[in-house]
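Dear colleague,

I am handing over the structure below, and my notes on what was found in it follow directly after. Please read them with the model open beside you.

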Amino acid sequence: MSLPAPADQLRHFQKRRKEIVETVRQLVELESPSDIKQSVDRVSTVLASRFGELGGKIKFHPSEKFGKHLQIDFRPRGDRAKPVLLLGHMDTVYPIGTISKMPCRVSTGRIWGPGVLDMKAGIALGFHAIEAILAWNDGKLPRPMTLLLVSEEEVGSTSSRPITEHLAREASAVLVLEPAYGLHGAVKTARKGVGEYTLQVTGVAAHSGLDFEKGQSAVIELAHQILEISRMPASQTGVTLNVGKISGGTRTNVVPPSATASIDVRISSVKDIATVDALLKGLTRVNPRCSISVTGKINRPPLERSEAVATLYGKARQIAGDLGWDLEEAAVGGGSDGNFTAALRVPTLDGLGAVGEGAHAEHESVVIEELPRRAALLAGLILTA
Ligand SMILES: [Zn+2]
């Protein structure tokens, strides 16, 4: 195989900028909130047909509650090498109808729209990177590759996680199409692990005027517990606990019989999983006549900057260097499906998608100028990772 020189690869994508933008637009205009199965299914079907045209072997993984996950394989005949796994998601956080308030538009050098950065543009980059490699190599991929696009990443990836983990175990490396970090376009070499816990307090109801003494306030007990949680060892160890939502009580004239808190937990290191779990589950009641229970777990292990991650970043940096730019790295708080694959010790590099701003927000947008070199970086990694 004789690939074009890096500068020519970049030029290839610069010439195809319009097509890339069109693919992004096509995907953004197909709204796909995680909880509307038929909408995500439609994106899955459209993508299956586009990747099918490139010669990919399509496999749908049906899910009862969510859209069908889409697996696309490119397996050159007789090639026994480990495939590289490209990982992305088709769902967004925006409800149906958002597109009419936040239409997909191109202006000021950006593409705007719901889910454009996270991560419709990432999928488009994957598509055009593969398309280019095929064009450079007589219609064949020079190595095995699998692309997995899941349907419910934004709501925790419960149904796709086993598929992601299974494919990752077979892969030489995992390239995650989540957005890059910041406008410099850093890749993500560390991500925090994420967990969600629920603290449930049960007290004793009573009339606040007639029987106040007989009541045991679940709200007061919850307040004690929240302060206890706020004193738990935090940021300096990379652990944060956020009591993000509380509820309790029935009416103002009733001593509250129940109260609940939802807690978001972030950790930087795998060894903190057990510690934080023990701390939360070890909470003890202050009022002996109330009872408390804690449920929940760490759903995504942290993506740690292991040797394998650092080596893969080094490779990416080299490719970017050949294309004439210095690829930065960053550690971030949010989790992705890359957390699952890194925890299996498979070399994982995240943030290989588009560069932009405003994920999950009204000003969500992608910088068009950055698309060609992101596609070139991705193509380089598909060939060598
Ligand atoms: Zn995402």
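Helix H5 is mostly covered, with 19 of its 21 residues buried; please bear in mind throughout that this is a predicted model. The helix runs over residues 116-136, and at 1.5 Å a residue it should span 30 Å, which agrees with the 28 Å that separates its end C-alpha atoms. Within H5 lies Met-119, and the peptide bond that joins Asp-118 to Met-119 is cis, with omega about -10°. Following H5 comes Asp-138, whose phi is positive, near 55°.

The partner of H5 that I looked at is helix H11, residues 371-384, which packs against it at an angle of about 60° with the two axes 9 Å apart, and the crossing is right-handed. On the H5 side the contact involves Leu-125, Gly-126, Ala-129, Ile-130, Ile-133 and Trp-136, which meet Leu-371, Arg-374, Ala-375, Leu-378, Ala-379, Ile-382 and Leu-383 of H11. Sorted by class, this contact has 11 nonpolar residues, 1 polar and 1 charged.

A search of the whole structure for aromatic pairs finds 2. In one of them, Phe-13 and Trp-136 are arranged edge-to-face, at 5.8 Å centre to centre and with 80° between the planes. This pair links distant parts of the chain, since Phe-13 belongs to helix H1 (residues 6-15) and Trp-136 to helix H5, 123 residues apart. Phe-13 has a relative accessible area of 1% and is therefore buried, and Trp-136, at 15%, is buried because that value is under the 20% cut-off.

The pair formed by Phe-51 and Phe-127 is also edge-to-face, with 5.2 Å centre to centre and 75° between the planes. Here too distant parts of the chain are linked, with Phe-51 in helix H3 (residues 37-53) and Phe-127 in helix H5, 76 residues apart, and both Phe-51 and Phe-127 are buried.

Thr-108, which is not a glycine, has a positive phi near 45° and sits in the loop between strand S4 (105-107) and strand S5 (110-112); its relative accessibility is 71%, so Thr-108 counts as exposed. His-360 likewise has a positive phi, near 65°, in the loop between strand S17 (356-357) and strand S18 (365-367), and with a relative accessible area of 41% His-360 is partly exposed. For context, most residues other than glycine have a negative phi, and most peptide bonds are trans.

With best regards

Terms used. Residues are numbered from 1 along each chain as its sequence is written. This is a predicted model: local features need pLDDT of at least 70, side-chain atom pairs count only at pLDDT 80 or more; totals for chains, interfaces and linings use all residues. Side-chain values use heavy atoms; hydrogens and water are left out. Helices (H or I, at least four residues) and strands (E, at least two) are DSSP runs, numbered from the N terminus. The expected span of a helix is 1.5 Å times one less than its number of residues. Buried means under 20% relative accessible area, exposed over 50%, partly exposed in between (1.4 Å probe, protein chains only). Axes are lines fitted to C-alpha atoms, for helices over the stretch in contact, and angles run from 0 to 180 degrees between N-to-C directions. A crossing is left-handed if the near helix is turned anticlockwise from the far one by less than a right angle, and right-handed if clockwise. Contact means heavy atoms within 4.5 Å. Ala, Val, Leu, Ile, Met, Phe, Trp, Tyr, Cys and Pro count as nonpolar, Asp, Glu, Lys and Arg as charged, and the others, Gly among them, as polar. Rings of Phe, Tyr and Trp (its six-membered ring) pair if their centres lie within 6.5 Å; planes under 30 degrees apart count as stacked, over 60 as edge-to-face and the rest as tilted.
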